[in-house]
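Have the structure open while you read.

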Amino acid sequence: MGLELENRPLRVLLAEDQAEMRALLCGMLAREGYEVVVAQDGPGLIKTLIAGLTEDGAPWVPDLIISDVRMPGFSGVEVLARLRRDSWATPVLLITAFGDDELREQVERLGAARVLDKPFELEQLKELAREMILLH
């Protein structure tokens, strides 16, 4: 049984530049019942958001954004800053292999809910995704 909100599946926008990691995370989230849309980089994430809002019929707005920090184009931090500047309140989970205290402080100021360090257990990501959506 899928996870639902307002009689629709919960939606996750996943931005990850490494194809293998993107496929792994997308598959896991889809098996958990999420409707997942993927982007390969920061510009792709922004384009996907804009396309979802301008889609004919009901707009596609994610309930959670999961983004790698280091990606081509815009970093996950730059995307987060842009979203918050434009008053987007969607929870954002940043994943990184390069987490440090400075990064955590920066994204906390920008309003990221969590930073998850690679490598991580898929179960940990599943729990965080569910928690972040339910608390939002």
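Which residues does Asp68 touch, not counting residues up to four places away in sequence? The model you are looking at is a predicted one, and in it Asp68 touches Ala15, Glu16, Asp17, Gly76, Ile95, Thr96 and Lys118.

## Around Asp68

Let's start with where this residue sits. Asp68 is part of strand E5, a run that covers residues 64-68. With a relative accessible area of 5%, Asp68 falls under the 20% cut-off, so it counts as buried.

Two of the residues it touches, Glu16 and Lys118, turn up again when you look at charges. Together with Asp68, they are linked in a network of salt bridges.

## The Lys118 and Glu16 pair

Side chains of opposite charge can pair when their charged atoms come close. Lys118 and Glu16 do this, with a salt bridge at 3.2 Å from N to O. Lys118 is in the loop between strand E7 (114-117) and helix H5 (122-135), while Glu16 is in the loop between strand E3 (11-15) and helix H1 (19-31), so their bridge ties together parts that are 102 residues apart in sequence.

Are these two side chains buried or exposed? Lys118 has 17% relative accessibility and counts as buried. Glu16 is buried too, at a relative accessible area of 0%.

## Other salt bridges

How many salt bridges are there by the rule used here? The count comes to seven. One of them joins Asp63 to Arg8, whose closest N and O atoms are 2.8 Å apart. This pair also links distant parts of the chain: Asp63 is in the loop between helix H2 (42-54) and strand E5, Arg8 is in strand E2 (residues 8-9), and 55 residues separate them. Asp63 is buried at a relative accessible area of 11%, and Arg8, at 16% relative accessibility, counts as buried as well.

Another bridge runs between Arg104 and Asp117, with the closest N and O atoms 2.2 Å apart. Arg104 belongs to helix H4 (residues 101-110) and Asp117 to strand E7, and the two are 13 residues apart. Buried means under 20% relative accessible area and exposed means over 50%. Arg104 has a value of 28%, so it is partly exposed. Asp117, at 32% relative accessibility, counts as partly exposed too.

## H1 against H5

Now for the helices. The axes of H1 and H5 come within 11 Å and cross at roughly 55°. An angle of that kind makes H1 oblique to H5, and H1 passes H5 in a right-handed crossing.

On the H1 side, the contact uses Leu24, Leu25 and Met28, and these meet Leu122, Leu125 and Lys126 of H5. Sort the residues of this contact by class and you get five nonpolar, no polar and one charged.

## H2 against H3

What angle do the axes of H2 and helix H3 (residues 76-85) cross at? It is roughly 30°, and the axes come within 9 Å. Angles under 35 degrees count as roughly parallel, so H2 is roughly parallel to H3. H2 passes H3 in a right-handed crossing.

Gly42, Leu45, Ile46 and Leu49 are what H2 brings to this contact, and H3 brings Val79, Arg82 and Leu83. By class, the contact of H2 with H3 has five nonpolar residues, one polar and one charged.

Lys118, the salt-bridge partner of Glu16, is joined to Pro119 by a cis peptide bond, with omega about -5°. Pro119 is in the loop between E7 and H5, which is also where Lys118 lies.

The other spot is Ser87, where phi is positive at about 65° although this residue is not a glycine. You'll find Ser87 in the loop between H3 and strand E6 (92-96). Its relative accessible area is 65%, over the 50% cut-off, so Ser87 is exposed.

Notes:
Residues numbered from 1 in each chain as written. Predicted model: local features only at pLDDT ≥ 70, side-chain atom pairs only at ≥ 80, totals over all residues. Heavy atoms only, no water. Salt bridge = Lys/Arg side-chain N within 4 Å of Asp/Glu carboxyl O. Helix = DSSP H or I, 4+ residues; strand = E, 2+ residues; numbered from the N terminus. Buried < 20%, exposed > 50% of the residue type's maximum accessible area, 1.4 Å probe, protein only. Axes fitted to C-alpha atoms, helices over the stretch in contact; angles between N-to-C directions. Parallel < 35°, antiparallel > 145°, perpendicular 65-115°, else oblique. Left-handed = near helix turned anticlockwise from the far one by under 90°. Contact = heavy atoms within 4.5 Å. Nonpolar A, V, L, I, M, F, W, Y, C, P; charged D, E, K, R; others polar.
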